[in-house]
Amino acid sequence: MADRYETAAPTAWDLSNRPGFLIRRLHQIHQAMFAEECAAFNVTPVQFSIMSVAAAQPGLDQARLGNEVGVDRTTLANVVARLEARALLVRTSGATDRRVKHVSLTPEGLDLLSRIEAPARRAHVRTIEALPDDEREAFLRALARLVEAGNEYGRAPLRLA
């Protein structure tokens, strides 16, 4: 008699029907493509996202920045501190509440962001290039819809629109 805790190994078919598995795997693939395209810049996808939002909204406070990127406070503080140590961004205290930190890219940060944009864009394109052109936009809309619907389950809120 087989051990009651013994289970059959999942087959590829079983895994291919699990959205969480496929999303995690696609994330791994994208991370690898981003690392390949952007290796010369020593920037992670999260750092790139934070820098992109900081460039688009200079002086945004850290809490709002976290919401824009969907990163929890602890992770955001860590990533921002690393970018600040590299002189890619600066934090300034709020005028009315000194505890509030506003984030802006430095000229070095803006320069790096302009140089990394094309390689990062290539990584994003490569991530979905297996889809026919007419399916890519629908795929991205579906992903955004799923993220929006499950936003409350994330460790940090995300503002997509």
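This text walks through a predicted model, from the whole chain down to single residues.

Start with the overall layout. The chain holds seven helices and three strands. Along the sequence, they follow the pattern α-α-α-β-α-α-β-β-α-α. The C-alpha atoms fill a box of roughly 70 × 35 × 30 Å along the principal axes. The radius of gyration is 19 Å, whereas a compact globule of 161 residues would have a value near 15 Å. Buried residues account for 26% of the 161 residues. Contacts also reach along the sequence. Of those between residues at least 6 apart, 55% join residues at least 24 apart.

Now turn to helix α2. This helix covers residues 19-38 and has 20 residues. From first C-alpha to last, α2 reaches 28 Å, close to the 28 Å expected at 1.5 Å a residue. Which residues of α2 are buried? They are His30, Met33, Phe34, Glu37 and Cys38. These residues cover an arc of only 110° around the axis, so they sit on the same side of α2. What covers them? The cover includes α3 (45-56) and α6 (107-128).

A search of the whole structure finds one aromatic pair. The partners are Phe34 and Phe48, with ring centres 5.9 Å apart. Their planes stand at 50°. Planes under 30 degrees apart would count as stacked and over 60 as edge-to-face, so an angle between these limits is called tilted. The Phe34 and Phe48 pair is therefore tilted. Phe34 belongs to helix α2 and Phe48 to helix α3, so the pair ties together parts that are 14 residues apart in sequence. Both Phe34 and Phe48 are buried.

Between these two helices runs a loop, and Thr44 lies in it. Is Thr44 buried or partly exposed? Its relative accessibility is 34%, so Thr44 counts as partly exposed. Pro119 is 75 residues away along the chain, yet the two C-alpha atoms are 12 Å apart in space.

The strands come next. Three of them form an open sheet, in the order β1-β3-β2, with antiparallel pairing. Which strands stand at the edges? They are β1 (60-61) and β2 (89-93). Each has a single partner strand, so one side of each is left without a neighbour in the sheet. Strand β3 covers residues 101-105, and five bridges join it to β2. The two strands run antiparallel.

Finish at Gln62. This residue lies in helix α4, which spans residues 62-69. Is Gln62 buried or exposed? The cut-off for buried is under 20% relative accessible area. Gln62 has 15%, so this residue is buried. Which residues surround it beyond its neighbours within four places in sequence? Gln62 is in contact with Leu76, Ala77, Val80, Arg91, Lys101 and Val103. Among these, Arg91 falls within β2 (89-93). Lys101 and Val103 fall within β3 (residues 101-105).

Notes
Residues are numbered from 1 along each chain as its sequence is written. This is a predicted model: local features need pLDDT of at least 70, side-chain atom pairs count only at pLDDT 80 or more; totals for chains, interfaces and linings use all residues. Side-chain values use heavy atoms; hydrogens and water are left out. Helices (H or I, at least four residues) and strands (E, at least two) are DSSP runs, numbered from the N terminus. Buried means under 20% relative accessible area, exposed over 50%, partly exposed in between (1.4 Å probe, protein chains only). Contact means heavy atoms within 4.5 Å. The expected span of a helix is 1.5 Å times one less than its number of residues. The arc is that of the directions from the helix axis to the C-beta atoms. Rings of Phe, Tyr and Trp (its six-membered ring) pair if their centres lie within 6.5 Å; planes under 30 degrees apart count as stacked, over 60 as edge-to-face and the rest as tilted. Two strands pair if DSSP finds at least two bridges between them. The radius of gyration is taken over C-alpha atoms; the globule rule is 2.2 Å times the number of residues to the power 0.38.
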